[in-house]
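Hi there,

Here is the structure I promised to pass on. Have a look, and my notes follow below.

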Amino acid sequence: MRSRTRGRAGAATLTRLVCLTAVLAAVGLLPWLSGRDPALTVLRARSAEQEPTREALDAVRRDLGLDAGPPSLLGDWLAGLVRGDLGTSWVSGTDVLPSVLSGLQVSSGLMAAALAVAVLLACTLVAPVLVRGRGSAGAFGAMLAAVPEFLLATVALLVCGVWLGVLPTSGWQGPEYLVLPAVALGVPAGGLLGRLVADALPTVLDERWVELWREAGVSRTRIAAAALRRVLPPLVPQFGMVAVGLTGGAVAVETVFAVPGIGRTALGAAKSQDLPLLQGSVLALLVLGLAAGALAAGVRRRLLGPALRDAGLTPPAPRPVRAHPAVPAALGAVLLTAIGWGLLRDPYTVDTTARLLPPSWTHPLGTDGLGRDVLARLGHGATTTVGTAVAVCLASLLLALAFGFLPQVAAGASDIANALPPVIVGVLVAAAVGPGTGGAALAVALVSWPPLSAHAAALVQEVRASAFLTAQRAIGATPWWILTRHVLPSVAGPVARHAVLRLPGIALALASLGFLGLGAQPPAPEWGLLLEESRAYVERAPWAALTPAVALALLAGLAVAGAAYAQGRTVPRASRTAASPGSPSRPSRKEASLDGSAT
């Protein structure tokens, strides 16, 4: 048994190293993978008036070492990385390392402030549960966790910066400039942290030892501290994933508030094709994510102590958050009504004489900066956003079913996928193939399969251990018959329903990439892109920004309500199994908020 366990751990470690090496190789080969001519980018950056002749481009290639081929290019980048040299910016001509360190310092300060906001919010959600032994913090925390950072940042900018004018909305010049970005980044994280703890605490407080302590006269404060210590160790890996999620959320928040952090630096480098700066920025974000995961593992070992480190401690089963079926039905009805009404109108007709008109009978949701009907663009944008999300869900489902039968391989790969937020992968994909709907779909698909794979692996293990399969083998059934007639049908149905529950979350991830300019491109009416386009005239026409914002908020609410209603039918059994130590993967921050299970 021990040798088998060591073999599985070794396979997972090997897969983890292979995947990490592949990610590093992809970053190092970005100049070659981009599909564009980097020499032309550099030539235009150095001299916009110089003709891009063949001789001039060849000279730039020799100067950059691009004529040596991919292996030499990767070797030179890795050698410079070992020496602490990240190269020279193709656009500015300055060293990349100082720019990366400067952006990293800003982002670290922002993430620290966001973590403080998250912890404060989590304590606020958990406190009533500790006092009364129950509460509705789980449902409220799930709602907060499902709100995308870019949406919360845009609403905070609109309300606090534009309407109320109480806080600065751009720059990085003092403590007051930190408030809105930290709140936008920390509130979803705090919602998830509070939900994880608040959902697990009631089960712990009902355990026998708590009753014995109360009868012995132990103070309520000491019991609360002991209950938290009982709850926290199994949940610490989830806390690490929250910190990883902050690295992805920082890209959007820094972009909205013009914060000169590492996320905004990476996004700007991707758009300008400044690949050396992009390589350094993405590498810094990867280091942040991996360091957060390693820190979470160390904290967990410290909390468990030497006696329980290898005991396979699982978290207490959370009490499910239930939702009345009328809630998702009402949210869905509102969305479908707006989408159906918008599909009957033309989203591309430009009328410059009707720019930024307020809502009226002719244009129920007003017009945008080009005079296009906002309702029409909202309705047609749903086909782009949700349609692409369906394709990503299907791809993730197929990949998860394949990996469900290979848990040792999936374990290492899922650790790397969980450490890469969709925004970071989207930046890399955009640098390689260019921004677009296909690139955004690929980026989200690459990191959305681990929770489904964990669910499939848990079900495969459960079905294979069942008595009826032993009987099938005894009567001579072939492995192929057992796989296709028993195992696969038992696994595919629940995992498919789980994938459907993740559809709104995937749509939100695609919208975030569109908001950052990494997804659908103008004039496509994609929801994230609509929100980004409306930021330029948000003071004059706030309805143009509020329309896609409300649609995305309804989508987030539909995700939470639908997952809560379906909880106990599809996801919880595998979710709890997947969260235990040694399982194929752990759900990421956004994913954990949408699958209807805290662990």
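How many aromatic pairs does a search of the whole structure find? The search finds three, where rings of Phe, Tyr and Trp (its six-membered ring) pair if their centres lie within 6.5 Å, with planes under 30 degrees apart counted as stacked, over 60 as edge-to-face and the rest as tilted. One of them joins Phe403 and Trp449: the ring centres are 4.8 Å apart and the planes stand at 40°, so this pair is tilted. Phe403 belongs to helix H15 (residues 374-404) and Trp449 to the loop between helices H18 (437-448) and H19 (450-464), so the pair ties together parts 46 residues apart in sequence. Helices here are DSSP runs (H or I, at least four residues), numbered from the N terminus. Both Phe403 and Trp449 are buried (under 20% relative accessible area; exposed is over 50%, partly exposed in between, with a 1.4 Å probe and protein chains only).

Some backbone notes, too. Most residues other than glycine have a negative phi, and most peptide bonds are trans. Ala258, however, has a positive phi of about 55°; it is found in the loop between H11 (220-256) and H12 (262-272). Leu356 also has a positive phi, near 55°, and is buried at 9% relative accessibility. Pro522 and Pro523 are joined by a cis peptide bond, with omega about 5°.

On provenance, this is a predicted model: local features need pLDDT of at least 70, side-chain atom pairs count only at pLDDT 80 or more, and totals for chains, interfaces and linings use all residues. Residues are numbered from 1 along each chain as its sequence is written, and side-chain values use heavy atoms, leaving out hydrogens and water.

Best wishes

Terms used:
Helices (H or I, at least four residues) and strands (E, at least two) are DSSP runs, numbered from the N terminus.
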